[in-house]
Amino acid sequence: MNPGYEQHLEWVKKRRSELEKNLAAMFPEPAELSLEIGCGHGHWLADFAVAFPEKQCLGVDIIGDRIERAEKKVRRAGASNARFVRGEAFEVLDLMPRHVRLNEVFILFPDPWPKKRHWKNRLFSVKFLEELASRCEAGVRCHFRTDHDPYFEWAEEVIAEQDLWKRDREAPWPFERETVFQNRADSYQSLIIVKQ
Ligand SMILES: C[S@@+](CC[C@H](N)C(=O)[O-])C[C@H]1O[C@@H](n2cnc3c(N)ncnc32)[C@H](O)[C@@H]1O
């Protein structure tokens, strides 16, 4: 095997093992979470946690300094029910202790990857919905919002391609608070899906 590739595999293994330990330390007991994926600097989740002190909230973002800022924000807000972890969404879903379940999920203004050759990087995909479903009971809702119309259409197509989640057009958006990207958007669209 090429030594550069071997080194890369070692690095991935180490990163996954650190994330797994981190998540195990965060959730030593069974837990039911409100999860925000791609939480950025945590503005939305900090306010959500203050509004719903009875909910255990977890924000996930792949960028470390965003997570540090998010942690400061919830400390300032006094929201002890919100925590954050640096990690890639698929890896977090895969490596969370099995006794952690999701009660609700929020994906707000995910990176749209507008160029066709980058579509494979879009978070919202059939594979993602399968991974998410493995952590959710029937009835759990996943909330998706984007200002990028082609990504919204893509999300609708993804939903039509699988049976684990169905669109719920009646469900109300449970909490309104402008995110950083929402504030910059001229308009946006939302959809809610429910685990079957
Ligand atoms: C466009 S920003 C939106 C941030 C925030 N939700 C908002 O509305 O202001 C997308 C965020 O998702 C994070 N992100 C992108 N891909 C991710 C992944 N695979 N796993 C976790 N976070 C991811 C990025 O680091 C970034 O902070």
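Predicted model: local features only at pLDDT ≥ 70, side-chain atom pairs only at ≥ 80, totals over all residues.
**Close-up views of the ligand site and an aromatic pair**

View 1. An oxygen atom of the ligand is found 2.6 Å from an N or O atom in the side chain of Arg66, and a backbone N or O atom of Phe181 is 3.0 Å from an oxygen atom of the ligand. Of the 590 Å² of accessible area that the ligand has on its own, the protein covers 89%.

**View 2. The surroundings of the ligand.** The ligand is placed in the largest pocket, where 16 residues surround the ligand, the closest being Gly38, Asp61, Arg66, Leu108 and Thr179. By residue type, the shell around the ligand consists of 7 nonpolar, 4 polar and 5 charged residues.

**View 3. The aromatic pair of Trp44 and Phe175.** A search of the whole structure finds 13 aromatic pairs. In the pair shown here, the ring centres of Trp44 and Phe175 are 5.6 Å apart and the ring planes stand at 70°, which is over 60 degrees, so the pair counts as edge-to-face.

Key. Residues numbered from 1 in each chain as written. Heavy atoms only, no water. Near = heavy atom within 4 Å. Polar contact = N/O pair within 3.5 Å; in protein donor to acceptor, adjacent residues only side chain to side chain. Areas by Shrake-Rupley, 256 points an atom, 1.4 Å probe, with all protein chains shown as cover. 1 Å grid on protein atoms, 1.4 Å probe; cavity = no way out; pocket = protein on both sides within 12 Å on 5 of 7 lines; lining within 4 Å. Sits in = over half its atoms within 2 Å of the grid points. Nonpolar A, V, L, I, M, F, W, Y, C, P; charged D, E, K, R; others polar. Phe/Tyr/Trp six-rings, centres within 6.5 Å; stacked < 30°, edge-to-face > 60°.
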